[in-house]
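Dear colleague,

Please find the structure below, with a short account of what was found in it.

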Amino acid sequence: MTEVEFQIIKGVGFVLALMLAIGLQWLRPHTAVAGSWRVNASLWAANAAFVGVVCGACACTVSRWAGAEGIGLLNLGGASPWLAIPVSILGLDLVSYAWHRANHVVPFLWRFHQVHHSDPDFTASTSLRLHPGEILLSLPLRLIAVAGIGVPIVGVIVFEVCFAFQNWFEHGNIDLPARFERQWAWLFVTPALHRRHHSRRHAELNSNYGTIFTLWDRRLGTFGPSSSSVSVRTGLPGAEQALGPAAALTLPFRTRLRGE
Ligand SMILES: [Zn+2]
């Protein structure tokens, strides 16, 4: 797979995931809320220009290099694709969990991650609201993880597409049918679980760090149950007024907001 093919598959997955999330928000909305599309899409555009074009397929390049050099656990062990793909998804999701948790614990990292949490609304567009600094800081770790695990290119692309679907879905202003929600939450993060993570309240803000699987939160003591019937006040104290794009970009250098 070439870097261009990698970017195309990633892009198609991104758009399909967006359509699913928007469709579910329209069919089964949790609350009547418009979302902060203007600022969130502006941040996404800045990130796409800043990081996406320059390093959008870096994981693909690192994966190919690690495979050719025989670097990483899966390459060293000569794992078959049937083992390598699930291990890659689990491994990269665990790294994502650890990075997200570090973003809440390390004050310097929180300065950038607070921009994501400063959205007073909780809708699919919130998933786009990431400060370029957070993405830049996470990039070396993600690439080291690909090389360290020895993720094959197909493992990277399957993970990226699953991650995009879950990321759009779990930020959705979506109410799921109660039975389906309970069953889905056994394995995967639901919008209600992640809505709890976007609560203004300190204890809830520091729970449910997972993106794809709930396994890491359950096993590592950070799982907080929630359901669509629970209403959560989202955002951060001090960011009640929707920030404009410039204010969101300069937020890490001005203040460090906290949960209540
Ligand atoms: Zn967070």
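Angles under 35 degrees count here as roughly parallel, over 145 as roughly antiparallel, 65 to 115 as roughly perpendicular, and the rest as oblique. Axes are lines fitted to C-alpha atoms, for helices over the stretch in contact, with angles from 0 to 180 degrees between N-to-C directions.

This is a predicted model, in which local features need pLDDT of at least 70 and side-chain atom pairs pLDDT 80 or more, while totals for chains, interfaces and linings use all residues. Residues are numbered from 1 along each chain as its sequence is written.

The chain holds 13 helices and zero strands (DSSP runs, H or I of at least four residues and E of at least two, numbered from the N terminus).

The axes of helix α1 (residues 3-27) and helix α8 (residues 153-170) come within 8 Å and cross at roughly 20°; α1 and α8 are therefore roughly parallel. Phe-6, Ile-9 and Phe-14 are among the residues that α1 brings to this contact, and α8 contributes, among others, Ile-157, Phe-165 and Trp-168 (a contact means C-beta atoms, placed from the backbone, within 7 Å).

Of the contacts in the chain with a separation of 6 or more, 77% join residues 24 or more positions apart. The C-alpha trace spans about 50 × 45 × 35 Å along its principal axes.

Yours sincerely

How values were computed
Two residues are in contact if their C-beta atoms, placed from the backbone, lie within 7 Å.
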